[in-house]
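The entries follow the order in which I looked things up.

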Amino acid sequence: MKMTNGLIDTIGPLLAADVPTLAPVAANKVALITDNFVPDMDASIGDFTLGSTTGLTPIAGVAGTQLESRDPVTGEVIVEIKTPAGGFRWETPDPFTDGPITVYGFLLIDNGAANWLGVHKLTDPITLDGPNQQITAPALTFAIDATKVY
Amino acid sequence: MLPTRVMWLRIRELVGGNVLTIGADDPDAPHLFAIIAPYTDNPNLVAADLTFGPTQFQWSFLAADGSIDLGEDAISQAASWQRIDAGRPWTWKASSVGLPVTLYGVALVSNDGATLYATEQLPDPVTFDRINQETDSPRMRLQYPRDLVR
């Protein structure tokens, strides 16, 4: 069956406020992915290499309900991960002795880093090869195209 | 972001299990109504846009209590949600009242008929002009593919 807005409009609020996944009491984190990967929803967290050196460790987001909306152009349901104060922003230390490190994407993980929830792959990887270099994640969203429901 | 499989399936559990909408049980269980005037599937449809069959003449199905069934299509891998009718097979059968009636599709609606959740248009309308004529009905089922979320 094809969903109508009477049902589509429930998706965002339900997902954005879902405590077991996107809205936990202990905030989810975003990690840098520092080895190349193929996006795959069946992957496990152990399949990703995550940034772990000084300045490049996972950053906690905001606990509780996340943002949700409808895209005015595509009609997609958008659930956006709230950005913490200071942003999802990483900066290499000075001196930077662990590089160069190439960032291939961003991984949304739970607070204890036991599971991942979503992955964003960069179109072009970014290499950090010196001190005081920074990288900031784009808006991290889940876009749900309910017209694909049948 | 590409979701992990857990997140992808979570949408089905949250939306399909929502007791305020399509996951409700008696006395609020949703109906599947016959649509007996021409229309086209569209997310912007509301209940008032459609002409439903007269429920007193069996032109509707009612979801059975506790009947939410979650599965995945073995071939397409689509996630599925469905409910079982409370009283009879998924077949539309004409009574002697109000004929002829043409069936254009079916609508998943709230128990009070006020909120439209989903529709499924028949490939070809089916006209009933004699008592006991019958045709198979689409089920009270929603499915979505692995690329629902990006």
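Which pattern does chain A follow, read along the sequence? I read β-α-β-β-β-β-β-β-β-β-β. That is one helix and 10 strands in chain A. Helices (H or I, at least four residues) and strands (E, at least two) are DSSP runs, numbered from the N terminus.

Before going on, I noted the ground rules. This is a predicted model, in which local features need pLDDT of at least 70 and side-chain atom pairs count only at pLDDT 80 or more, while totals for chains, interfaces and linings use all residues. Residues are numbered from 1 along each chain as its sequence is written, chains are lettered from A and ligands numbered from 1 in the order in which they are written, and side-chain values use heavy atoms, with hydrogens and water left out.

**Chain A overall.** I took the box of its C-alpha atoms along the principal axes and got roughly 55 × 30 × 30 Å. Of the 150 residues in chain A, 47% are buried (buried is under 20% relative accessible area, exposed over 50%, partly exposed in between; 1.4 Å probe, protein chains only). I then looked at contacts (heavy atoms within 4.5 Å). Among those in chain A between residues at least 6 apart in sequence, 73% join residues at least 24 apart.

**Interface.** How many residues of chain A are in contact with chain B? I found 39, and they meet 43 residues of chain B. The two chains bury about 3500 Å² between them, with 64% of it on carbon and sulfur atoms. A:Met1, A:Met41 and A:Tyr150 supply 26% of the area that chain A buries here, more than any other three residues. Buried area is the accessible area (1.4 Å probe) that two parts lose on being put together, summed over both.

**Helix H1 of chain B.** I checked its length. Its 12 residues should span 16 Å at 1.5 Å a residue, and the end C-alpha atoms are 17 Å apart, which agrees. The expected span is 1.5 Å times one less than the number of residues. Why is H1(B) largely enclosed by the rest of the structure? Nine of its 12 residues are buried. Among them are B:Trp8, B:Arg10, B:Arg12 and B:Gly16.

**Largest pocket.** I noted about 210 Å³ of space in it. It has 16 lining residues, and the closest to its centre are A:Asn115, A:Trp116, A:Leu117, B:Thr4 and B:Val6. Strand E8 (116-128) of chain A and helix H1 (5-16) of chain B are the elements that give two or more residues to the lining. On a 1 Å grid over the protein atoms alone, a pocket is an open set of points where a 1.4 Å probe fits, with protein on both sides within 12 Å along at least five of seven lines; lining residues have an atom within 4 Å of a point.

I found a cis peptide bond from A:Gly99 to A:Pro100, with omega near 0 degrees. A:Pro100 sits in the loop between strands E6 (89-91) and E7 (101-109) of chain A. Another cis bond joins B:Asp26 and B:Pro27, with omega about 10 degrees. B:Pro27 is in the loop between H1 and strand E2 (31-35) of chain B.

I also looked up positive phi. A:Ala113 has phi near 60 degrees and lies in the loop between E7 and E8 of chain A. B:Gln77 has phi of about 70 degrees.

Definitions and conventions. Points joined across faces, edges and corners; volume = space filled by probe spheres on them.
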